[in-house]
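Student: I would like to learn to read the packing of a protein model. Can you take me through it feature by feature?

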Amino acid sequence: VIVDWHTSDAVTATTTQASQAADFFTSMATKYGGMPNVIYEPYNEPAVKGVLWAQIKPYHQTVVAAIRAVDPDNLIVLGTPTYSQDVDLAAADPVAGTNLLYTLHFYACTHKQSLRDKANTAISLGLPLFITEFGATPADGGVVKSGDNDVCEAEANTWFSWMAQNNI
């Protein structure tokens with residue numbers, strides 16, 4: 001079970017929801033932290049344009065500390081800028097702690113080798129990745145535009161092969 005703080009506004013240029021998220025995850029960790037199948041995802045998909053990893057990292061540090069105060073063991077999956085695609089930036093300055101993973105999101109028709117290259121950089125720097133969202137469609141949810149494929153099977157298979165090679 002992934003317990004997910006699903007908002008694009010957890011961190012903006014001027015505000016943060018760190019205290020609200022910390023309260024929520026403290027409650028969830030208190031209630032469900034003893035269950036081995038609970039995974040926390042404090043910020044599913046940072047998408048606010050212009051918000052940098054340097055702004056998102058302190059948010060994660062606050063929420064991770066709140067979770068770890070109650071649940072020292074379960075996995076926590078951390079989102080990165082640009083819809084959880086800037087894992088290479090997080091790899092250069094990761095959040096300290098144990099059982100922390102970084103989410104990578106992809107949609108096969110939209111995200112190709114350049115995103116795998118960013119992920120390869122993160123992996124080479126020792127960042128553990130976890131894919132919490134993907135599709136074999138375009139990133140816009142599969143809305144077919146003129147000339148677009150609605151399913152990109154070959155590219156999806158390339159992603160699945162890459163995931164298998166990297167134990168993701």
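Student: What should I know before we start?

Tutor: This is a predicted model: local features need pLDDT of at least 70, side-chain atom pairs count only at pLDDT 80 or more, and totals for chains, interfaces and linings use all residues. Residues are numbered from 1 along each chain as its sequence is written, and side-chain values use heavy atoms, with hydrogens and water left out.

Student: Which residues touch the most other members of the largest nonpolar core?

Tutor: First the terms. A nonpolar core is a set of buried Ala, Val, Leu, Ile, Met, Phe, Trp, Tyr and Cys residues joined through side-chain atoms within 4.5 Å. Buried means under 20% relative accessible area, exposed over 50%, partly exposed in between (1.4 Å probe, protein chains only). Here the largest core has 42 residues, and Tyr-40, Tyr-59, Tyr-102, Leu-104 and Leu-129 touch the most other members. Elements giving two or more residues to this core include helix H1 (18-32), helix H2 (53-70), strand S4 (100-107) and helix H6 (153-165). H2 supplies the largest share, six residues. Helices (H or I, at least four residues) and strands (E, at least two) are DSSP runs, numbered from the N terminus.

Student: What is Tyr-40 in contact with?

Tutor: Contact means heavy atoms within 4.5 Å. Leaving aside neighbours within four places in sequence, the partners of Tyr-40 include Val-3, Phe-25, Met-28, Ile-67 and Val-77.

Student: How do I read H2 as a helix?

Tutor: Compare its span with the expected one, which is 1.5 Å times one less than its number of residues. H2 has 18 residues and reaches 26 Å from first C-alpha to last, close to the 26 Å expected. Its buried residues include Trp-53, Tyr-59, His-60 and Arg-68. They pack against H1, strand S2 (39-41), S3, helix H3 (81-84), H4 and S4.

Student: How many aromatic pairs are there?

Tutor: A pair of aromatic rings is described by the distance of the centres and the angle of the planes. Rings of Phe, Tyr and Trp (its six-membered ring) pair if their centres lie within 6.5 Å; planes under 30 degrees apart count as stacked, over 60 as edge-to-face and the rest as tilted. The count comes to ten. Trp-5 and Phe-24 form a tilted pair, 5.4 Å centre to centre with 55 degrees between the planes. Trp-5 lies in the loop between strand S1 (2-4) and H1, and Phe-24 in H1, so the pair ties together parts 19 residues apart in sequence. Trp-5 is buried at 17%, whereas Phe-24 is partly exposed at 29%. Phe-106 and Trp-159 are stacked, at 4.0 Å and 5 degrees. This pair links S4 to H6, 53 residues apart.

Student: What else involves Trp-159?

Tutor: Phe-106, Phe-134, Trp-159, Phe-160 and Trp-162 form one aromatic cluster. Arg-116 lies over the face of Trp-159, 4.9 Å from the ring centre. A charge sits over a ring if NZ of Lys or CZ of Arg is within 6 Å of the ring centre and within 35 degrees of the ring normal.

Student: Which cysteines does the disulfide join?

Tutor: A disulfide is a covalent bond between the sulfur atoms of two cysteines. The cut-off is a pair of cysteine sulfur atoms within 2.5 Å. Here Cys-109 is joined to Cys-152, S to S 2.0 Å. Cys-109 lies in the loop between S4 and H5 and Cys-152 in the loop between S5 and H6, so the pair ties together parts 43 residues apart in sequence. Both cysteines are buried.
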